[in-house]
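This report describes the strand pairing, helix packing and ligand surroundings of one protein model. The sequence and structure are shown first.

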Amino acid sequence: MYKTLTTSLQEGILEITINRPDKMNALNTEVMQELALAIDEVYFNDAVKSAIVTGAGSKAFIAGADISEFLSLSPEQGAVLSRRGHAVFKRIEDCPKPIAAAVNGFALGGGCELAMACHFRVASNNAKFGQPEVNLGIIPGYGGTQRLVELIGKGKALELMMTADMIGADEALQWGLVNHVTPPEELLEKTRSLLRKIHTKAPLAIARVIKCVNAHFKYASKGYEAEIVEFAECFATEDLTEGATAFIEKRTANFKGR
Ligand code: COA
């Protein structure tokens, strides 16, 4: 049914695997559309009690939004891209059933943002996290400027977003970005075991916990809007063209600040 992801339902857990391993599971337009449909399944299929989002292959969870789609975008189209991403990730965050990220490798840019939109994160010990958008002349556009601050605090979030550094799973655990770290072969079972435990609790109470915890962050709505505006403005800059071209040509970008 899906082209860019696979799903399987076992013990009430819908496992959603982003499946573009040759492109590090990068989130292109089609993946985002199919992810939205898979999340609908979590909302509306009564047989689904919870979900796991993970990536295909052993290298990447998701290495970000698909950079090859950036070069042709106007600022208006950039805003649409960002707004659509926000809508899908907010639906994950607001889902009344728990959705966990099983982070099995690189979680960069939109991949880190998707993991952060999930209710909690379990990482394999080879996972790497980062928001490297400034390497490309852009900023996080799928909620990362807000959710990273919520999870790890302002200082560490600013450092990560401004240096474009990657952190490993143990540092991510120490910083509060992930809840648990496991060997790769135990990642899915650990994530499933947490969800199985939640399945034994009262579903309506779980939904209310999610709703109330999210209500705590409602003040951030202006921040999300600011992110869409600033992300879109990046598409009017020469630096974005240089950054995305440099990535595709596998060279270091030479930014001019224009
Ligand atoms: N968008 C589009 N394509 C991507 C991608 C992305 N975000 N991330 C990786 N790919 C593609 C590469 O272009 C490459 O394609 P090719 O084989 O056709 O050349 C393929 O996935 C494998 O990636 P490669 O860079 O060769 O693997 P690596 O092991 O040397 O490096 C990463 C892995 C994740 C460190 C590196 O791919 C990377 O930095 N990706 C971009 C991360 C990023 O900036 N994300 C934020 C986007 S907003």
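Two strands are taken to pair if DSSP finds at least two bridges between them. The model discussed here is predicted. By that criterion, strand β3 (residues 50–55) pairs with strand β5 (residues 99–103) in the parallel sense, over 3 bridges. Within this pairing, Ile52 has Ala100 of β5 as its bridge partner.

Both strands belong to an open sheet of 6 strands, in which the order is β1-β2-β3-β5-β7-β10 and the pairing is mixed. The edges of this sheet are formed by β1 (5–10) and β10 (180–182), each of which pairs on one side only. From one strand to the next, the twist averages 20°. Helix α1 (residues 29–44) lies across β1, β2 (13–18), β3 and β5. The direction of α1 is at about 175° to that of β2.

## Four-stranded sheet

Another open sheet comprises 4 strands in the order β4-β6-β8-β9, again with mixed pairing. Strands β4 (60–62) and β9 (167–168) stand at its edges with a single partner strand each, so one side of each has no neighbour in the sheet. Helix α3 (residues 110–117) packs on this sheet and touches β4, β6 (106–108) and β8. The directions of α3 and β6 make an angle of about 90°.

Strand β8 (residues 128–130) and β9 run antiparallel and are joined by 2 bridges. In this pairing, Lys128 stands opposite Gly168 of β9.

## Crossing of α2 and α9

Helix α2 (residues 75–94) and helix α9 (residues 221–234) have axes that come within 8 Å and cross at roughly 145°. The crossing is right-handed. On the α2 side, the contact is made by Pro75, Gly78, Ala79, Leu81, Ser82, Arg83, His86 and Glu93. Helix α9 contributes Tyr224, Glu225, Glu227, Ile228, Phe231 and Ala232.

Classified by residue type, the contact of α2 with α9 holds 7 nonpolar, 3 polar and 4 charged residues.

## Ligand surroundings

The ligand is surrounded by 19 residues, of which the closest are Lys23, Lys59, Ala63, Ala65 and Ile67. Lys59 places an N or O atom of its side chain 2.8 Å from an oxygen atom of the ligand. For Ile67, a polar backbone atom is 2.9 Å from a nitrogen atom of the ligand.

Notes: Residues numbered from 1 in each chain as written. Predicted model: local features only at pLDDT ≥ 70, side-chain atom pairs only at ≥ 80, totals over all residues. Heavy atoms only, no water. Contact = heavy atoms within 4.5 Å. Axes fitted to C-alpha atoms, helices over the stretch in contact; angles between N-to-C directions. Left-handed = near helix turned anticlockwise from the far one by under 90°. Nonpolar A, V, L, I, M, F, W, Y, C, P; charged D, E, K, R; others polar. Near = heavy atom within 4 Å. Polar contact = N/O pair within 3.5 Å; in protein donor to acceptor, adjacent residues only side chain to side chain.
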